[in-house]
Amino acid sequence: MSSRDLVLMTAPLREDFTIPCHELGPAAGNPAVSFVSGLHGDEINGIYILARLADFLTAVEGGGYPKLRLAQRVLIIPAVNVLGTNTLRRAWPFDQSDQNRMFPGNQMGETTQRIAYTVLEATKKSAYRVDLHSSNLYFEELPQVRLYDPTPEERETAHLFGLSAIMERSVSPVFTTTLMYSWKYWPGQSFLLQIGQAGSIQLPHCQQVFRGLVSFLGRIGVLEGVEVAEADQEALYFTRECSVRIYADRAGMFVSDKSLGGWVSKGQELGYIYDSFNGNVRTRVTAPVAGLLTGIRRQPMLFEGDLLMRICTRTP
Ligand SMILES: [Zn+2]
């Protein structure tokens, strides 16, 4: 059990800074599981979940849960973009670069490239690698597992997180500098969890994902003694073709009383676009298809063409 500094960086003035990580469980070998969050500094849900997970596993190691035992090593890096987290910024504060566009990184490069190199080196040999993200400041996503050109093993393992939706995507041929893209070169399984909205903590989402990660660790045999409920809800599997987006047909103020994870029927009323000056209803937003509501805009001020909602259908 230890916490250490994964990276030590010097700053232009005053104190140096570090990116701390937790190493838990038996010390020998590579970590069986690596968890990463905070590549984007304003995605607080993942940072909170991993910090709480580190606290929980530290307590397990300290004997606080006599029935549980950490059988294999776990690495947790809660906040990679540590300066962005300190300032609630998505990007790296000095040069506004996106830390998740810096992989595979470079040991001799600039700060964000060196950070990327170190994070990849620390995590790439794990059998299971999990990167936690949120949507942006405007949009809330149902907690979901995202798979990128998955192997059959990854498709099966994705169900072990106990989340209600699994989304399959292709690895982007454009964004080849993400952590996920670099991980895919290595043996082992890689997962991205997309959780809620950036900028704040949505506690119910975090609690669901925290429970999901504990049961995941139990099911893969890393955390022994976890009682896994048989009756866990079955995750629904969606490809990109199952995803239907609703866009704003005009500017205004978007208000909806819907919450994520509910099933909607075709034609059902989902919200309104109001004129933000006189309050008149400009558009009644209705569901174009029946399906699961997996994304919803939470920032109300709209331009025409802004994304309002996403519905996933059972079949394409
Ligand atoms: Zn992110």
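Tutor: Buried means under 20% relative accessible area, exposed over 50%, and partly exposed in between, with a 1.4 Å probe and protein chains only. You're looking at a predicted model, where local features need pLDDT of at least 70, side-chain atom pairs count only at pLDDT 80 or more, and totals for chains, interfaces and linings use all residues. Residues are numbered from 1 along each chain as its sequence is written, and side-chain values use heavy atoms, leaving out hydrogens and water.

Student: Okay, is histidine 40 buried or exposed?

Tutor: Start with where histidine 40 sits: the loop between strand 3 (33-37) and helix 1 (44-61). Helices (H or I, at least four residues) and strands (E, at least two) are DSSP runs, numbered from the N terminus. Its relative accessibility is 4%, so histidine 40 counts as buried.

Student: Which residues coordinate the zinc ion?

Tutor: Look for donors, meaning N, O and S atoms within 2.8 Å of the metal (3.2 Å for Na, K and Ca); water is not among the atoms, so sites may look incomplete. The distances here run from 2.0 to 2.3 Å. Along the chain, the donors are spaced H-x2-E-x89-H. Glu43 gives two OE entries, while ND1 atoms come from His40 and His133.

Student: How many residues apart in sequence are the parts tied together by glutamate 43 and histidine 133?

Tutor: Glutamate 43 counts as buried because its relative accessibility is 3%, and histidine 133 does too, at 5%. Glutamate 43 is in the loop between strand 3 and helix 1, whereas histidine 133 belongs to strand 6 (residues 128-133), so the parts they tie together are separated by 90 residues.

Student: What is the geometry of the zinc site?

Tutor: Four donors count as tetrahedral if all angles lie between 85 and 135 degrees; four count as square planar and six as octahedral if opposite donors are over 155 degrees apart and all others between 65 and 115; anything else is irregular. Among the 4 donor atoms here, the angles go from 58 to 149 degrees, and that makes the site irregular.

Student: Which side chain makes a 2.9 Å polar contact with histidine 40?

Tutor: A polar contact pairs N or O atoms within 3.5 Å; within protein, one must be able to donate a hydrogen and the other to accept it, and residues adjacent in sequence count only if both atoms are side-chain atoms. The side chain of arginine 90 has one with that of histidine 40, at 3.4 Å. The 2.9 Å partner is aspartate 98.
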